[in-house]
Amino acid sequence: MRETPVPRTTNGVPHVQIGVEPVPEISAELLQRVSRTPGIEIQDSILSLPGALGFWVTEEVPLARPDAIVRGREFAHLHPDGSLHASLPPALADQAVQRGWAVHHPWSGRRPGWDGFVMIYTPVSGAELEVVLELIMKSYEYVTGRDATSL
């Protein structure tokens with residue numbers, strides 16, 4: 001269970017958190033660790049607000065679930081407020097919501113493959129960062145079919 005309060009979010013698009021400030025060091029660490037993962041590159045998001053950074057599956061990695069990706073090869077993105085949108089396996093998305101780590105995106109379930117599309121709340125501590133990084137890796141595994149722990 002997430003111990004910090006669950007942030008409020010908007011109910012539409014753009015889907016953003018309300019009243020949450022990122023911890024710059026935590027966001028920087030998240031980006032650094034994701035960027036070191038083979039098969040992932042960080043680019044400007046093609047889906048989100050200006051300033052958001054997309055997590056892209058590199059071209060040499062085949063996609064197992066292209067239907068779970070909203071557009072291009074961007075399987076997740078980091079907003080300027082430190083929250084993220086990602087496609088998770090639907091059962092894991094439900095579990096993340098129940099445990100206070102995420103909320104279903106307003107578009108979740110509106111087309112095939114989007115049942116696990118969630119906003120993951122901004123991590124505000126090292127312990128929260130570890131959980132969020134694990135969710136990002138599960139998203140990568142979901143869309144590629146590859147085991148991120150073996151990369």
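How many of the five residues of strand 4 (residues 53-57) are buried?

## Strand 4 and the model

Four of the five residues of strand 4 are buried, and the strand is mostly covered. Buried means under 20% relative accessible area, with exposed over 50% and partly exposed in between (1.4 Å probe, protein chains only). Strands are DSSP runs of E with at least two residues, numbered from the N terminus.

This is a predicted model, in which local features need pLDDT of at least 70, side-chain atom pairs count only at pLDDT 80 or more, and totals for chains, interfaces and linings use all residues. Residues are numbered from 1 along each chain as its sequence is written, and side-chain values use heavy atoms, with hydrogens and water left out.

## Strand pairing

Two strands pair if DSSP finds at least two bridges between them. Strand 3 (residues 40-44) and strand 4 are antiparallel, with five bridges. Within this pairing, Q43 has G54 in strand 4 as its bridge partner.

Strand 4 also pairs with strand 5, again in the antiparallel sense, over four bridges. Here W56 stands opposite E74 of strand 5.

Strand 5 covers residues 74-78, and five of its five residues are buried. Its antiparallel pairing with strand 6 (residues 84-87) has three bridges, and A76 stands opposite A86 in strand 6.

Strands 5 and 6 form a hairpin, with five residues between them. In the turn, G82 has a positive phi of about 90°.

## The cavity

A cavity is a set of points on a 1 Å grid over the protein atoms alone, where a 1.4 Å probe fits but cannot get out. Grid points are joined across faces, edges and corners, and a volume is the space filled by probe spheres set on the points. The count is one cavity of 30 Å³ or more, and the largest cavity has a volume of about 30 Å³.

Lining residues have an atom within 4 Å of a point. For the largest cavity they include L47, I69, E74, A76 and F117. Strand 5 gives the most to this lining, with four residues. By class, the lining has seven nonpolar residues (Ala, Val, Leu, Ile, Met, Phe, Trp, Tyr, Cys and Pro count as nonpolar), one charged residue (Asp, Glu, Lys or Arg) and two polar residues (the others, Gly among them).

Methods
On a 1 Å grid over the protein atoms alone, a cavity is a set of points where a 1.4 Å probe fits but cannot get out, and a pocket is an open set with protein on both sides within 12 Å along at least five of seven lines; lining residues have an atom within 4 Å of a point.
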